[in-house]
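User: Can you walk me through the helix packing and the nonpolar cores here?
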Amino acid sequence: MQRSEVPDPNPPVSVERHHPILLTGATGFLGGHFLLRRIESPGAVYAIVRGDSETQARARLYAHLAECAASYGMSLPKALLDSRLHVLTGDITRADCGLDADTVARLRKAGLRAFWHCAASLKFEDRHRQEIFEHNIGGTGNMLELFRTLSADPAGDEPAEFVHISTAYSVGKAQGLIEETRHSPEREYNNAYEESKNLAENRVIDFCETHGLSYRILRPTIVMGPRRSHQSGTTRFGVYGLAKEVHRLRETLSKLKHPLELLGNERATANLTPVDECVNDMMRLSLQGFGEQRFFHLSNPEGVSLPKLIAMIDSKTGANRLAFVSTRGDDIGPLQKLFDKRTKFYAGYYNAEKHFARSAPPQPQLDWNDVDRYLTLFVLELQQEEAGGVGFRTQAVTARDGAVINVFSCGNPTLPPLMLANAYGMPAEFMWPLAQRLRDDFHVVTWECRWVPTIEHPFTADACGSIAHAQDMIDIQKALGLGSASVVGWSSGAQVALRAMAAFPDRVQAAVLLNPGVSIRPSDTVRVTRFESGIRSLFDKIAGNYRMAEKYCELIYGAASTDAGDKKMLSNILTSTDPYLLYMTSLPFRTPESLFRYANMMRTLFAERPDAWTHDVSHQVLVYVGDQDIVTHPDIGRALCDGLRHGHLQQDADGDHFAHYYDQRVADLIRRHLAPDQQKAA
């Protein structure tokens, strides 16, 4: 690839066409960078931002813009923002984008000539399909209705423009030359995100043509950080998303005896566009006029080789275990299957041979030096993030027997305490999204259980029952000077919560148990999942024989062959966990020692009292089960709730085993259930 000269990142612009604009998506990646440039020019910007108040929404937006500005080595242009930016609290998924009548009336008088719709959900997993469509199609529909309302009284000779930011990959699986034209909705797509963006485009076209309104559709390709600095510029999607996953998995991948294979076309390419070049395109079109054209690719002249890009990601992250191949056998291992599930979104592009037509002047060509600098700086960002932790305050607490427990907390320590009992063997990071959602109402405390994931503590198989972890929780409460606390237990952590309530009733106010994995026995009325059956069988084999732990680690990482039964069992166990959380769920399986300990801990849990201590618990307990849970069967939670004196069942038709990690509704449920005890503790 020949590299063109990089133009001035802030080319001079005419002020003649600067009218007030309405903007969505300002707290997103491209929308934030666009606002940062647009605010330098005359003309007010009205930005719709989610928030409880205008003050809170503005603070959130400024924090994001400060990060965008830092990626250029700039400080936040607060004076310009204060004078030219109007923050409107709203939500594009609601009618009128959540704006009240007074705000709509004010916008009617603002002289808006352009409506820039940058907001979108960038999620891509099929399980988020409804949310993706609500934001990307429904949200676009709401913005169009608002555009129609506010365009009813023209403020000048020129028609108002609806500028819709889509993606060049809304074309789906089409190959070859991609023209700047309308894409029919009836086509094959790689994922729900692509489909939603093309359906949204078609909604814009049909709506505007029906109502005689003007529209433009801008289609960026894969957006990278600013070329000016080669930093990520706040995004974690696209190339950065894949690089982040490989970096997270590098320790697991490094144990593989054979590379993981990415199946695709050796001629596949990825069209990368720097965000500052993208913004240059947007500003140029806005200022010079769109002319008669309706569709615009914001693309680089040529894509980069995808196999070479994968190889560079593999090397830069330190994994060195990925191979891009055009063919592979049918007999693949469990980690290969899990990696395939985890990277399904990216796999849709492993065969992409697309060349995007572009009528606008070309962007400077991105070359391999650019890509190298992007990845080098991004890996440095990831390393700095790891060193700083995920956001918890951390401290070490010495337990009753001298063992040091790693404790993690967030929220104001004067708020009512809430203990999060994590699943056996899982890192504290598994609790971070839930802790974030609850920290405004609670002093949230969690810990990593002894023995696994850390293996510093001496391990005794006959003393690894749930009472040890319940006592650790009480030791932490004492060390932190906490009185009686509410407790939330997830998966096997639910057994810890139950044991604590039974053994130390005065230390617990109330509890919420999320998708509990406890010692209630399978029966005619209590079913178990394929995962549970497999893991019980596997751990029975491993718990009494360290050599079996070594054997199964060898099988997982491809150092030994095995019979079909063992391979199927391992595959069922590993692929039943959420592939997007592989870097965390794989921790107990990384070494024979951690696997041996984990197997003993889980086998001991399954062998504990068949009522899981429910008969000894007098507290108010909410039991949440997700009907889509393929790790722990909802029957376990239902039976547990039946055994409690004051149990309340919450059944979620859409929830799965990891709902606490992804779903805001779980935090809302916890907050509502614990509110009376929170007030009492306060």
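Analyst: Here are some notes on helix pairs and then on cores. This is a predicted model: local features need pLDDT of at least 70, side-chain atom pairs count only at pLDDT 80 or more, and totals for chains, interfaces and linings use all residues. Residues are numbered from 1 along each chain as its sequence is written, and side-chain values use heavy atoms, leaving out hydrogens and water.

User: At what angle do H17 and H21 cross?

Analyst: Roughly 120°, with the axes of H17 (residues 530-543) and H21 (residues 592-607) coming within 8 Å. Axes are lines fitted to C-alpha atoms, for helices over the stretch in contact, and angles run from 0 to 180 degrees between N-to-C directions. The crossing of H17 and H21 is left-handed.

User: Which residues of H17 meet H21?

Analyst: Ile535, Arg536, Phe539, Asp540, Ile542 and Ala543. Their partners in H21 include Leu595, Phe596 and Phe606. Contact means heavy atoms within 4.5 Å.

User: Switching topic. How many residues has the largest nonpolar core?

Analyst: It has 138 residues. A nonpolar core is a set of buried Ala, Val, Leu, Ile, Met, Phe, Trp, Tyr and Cys residues joined through side-chain atoms within 4.5 Å; buried means under 20% relative accessible area (1.4 Å probe, protein chains only). H21 gives the largest share of this core, 8 residues.

User: Which residues have the most contacts inside it?

Analyst: Leu309, Met419, Trp447, Leu498, Leu514 and Ile670. Ile670 touches Leu434, Leu438, Val488, Val512 and Leu514, not counting residues up to four places away in sequence.

User: What lies apart from that core?

Analyst: Another core, of 39 residues, among them Val45, Leu218, Phe290 and Phe296.

Conventions:
Helix = DSSP H or I, 4+ residues; strand = E, 2+ residues; numbered from the N terminus. Left-handed = near helix turned anticlockwise from the far one by under 90°. Buried < 20%, exposed > 50% of the residue type's maximum accessible area, 1.4 Å probe, protein only.
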